[in-house]
Amino acid sequence: MPSAQIVSHNPATVHAPAGGYCMGLELKQHRRLLFISGQVPEKTDGTVPEGFEAQCAQAWRNVIEVLAAAGLGVEHLVKVTTFLTDRDQVVTNRTIRRTVLGEHQPALTVVIVETVDSKWLLEIEAIAAE
């Protein structure tokens with residue numbers, strides 16, 4: 001079976017996406033799905049980088065490593081949910097996400113929450129398909 005066909009849906013009857021995502025993604029003929037648990041900004045040695053920008057980059061590195069372990073890349077992401085701890089992180093988060101994803105635009109949700117460990121300034125979970 002060939003890789004998944006991913007079709008974006010951004011109907012003109014719904015407000016336009018405002019930040020590198022699409023309103024809906026449809027998977028056709030997919031072979032497998034990968035559900036990525038929430039990735040926190042911890043390094044393999046258990047340390048957490050200082051500052052939101054470094055933590056965001058680390059959380060994305062962790063997502064990419066899980067994808068790679070499954071033989072996938074960011075182009076396979078179909079849904080990303082980012083949990084931020086402060087509204088002031090939104091712009092930096094968007095900038096880093098766009099750098100990581102390039103032109104790829106998965107379905108996306110960003111919410112403001114309290115993380116389980118207060119040293120984590122965000123958490124990212126995702127779904128990928130092939």
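A residue here counts as buried under 20% relative accessible area, as exposed over 50%, and as partly exposed in between, using a 1.4 Å probe on protein chains only. The structure you see is a predicted model, in which local features need pLDDT of at least 70, side-chain atom pairs count only at pLDDT 80 or more, and totals for chains, interfaces and linings use all residues. Residues are numbered from 1 along each chain as its sequence is written, and side-chain values use heavy atoms, leaving out hydrogens and water.

Let us follow the charged side chains. Side chains of opposite charge can pair when their charged atoms come close. A salt bridge means a side-chain nitrogen of Lys or Arg within 4 Å of a carboxyl oxygen of Asp or Glu, and this structure holds 3 of them.

Start at Lys-119, which is partly exposed at 40% relative accessible area. Its salt-bridge partner is Asp-117, with the closest N and O atoms 3.8 Å apart. Asp-117 is also partly exposed, at 26%.

Now turn to Glu-130, which is buried with a relative accessible area of 12%. Glu-130 pairs with Arg-31, their closest N and O atoms being 2.9 Å apart. Because Glu-130 lies in the segment after strand E6 (122-129) and Arg-31 in the loop between strands E2 (24-28) and E3 (33-39), the pair ties together parts 99 residues apart in sequence. Strands are DSSP runs of at least two residues, numbered from the N terminus.

Glu-130 also meets Arg-32 in a salt bridge, at 2.6 Å from N to O. Arg-31 is partly exposed at 42%, and Arg-32 is partly exposed at 34%.

Methods
Helix = DSSP H or I, 4+ residues; strand = E, 2+ residues; numbered from the N terminus.
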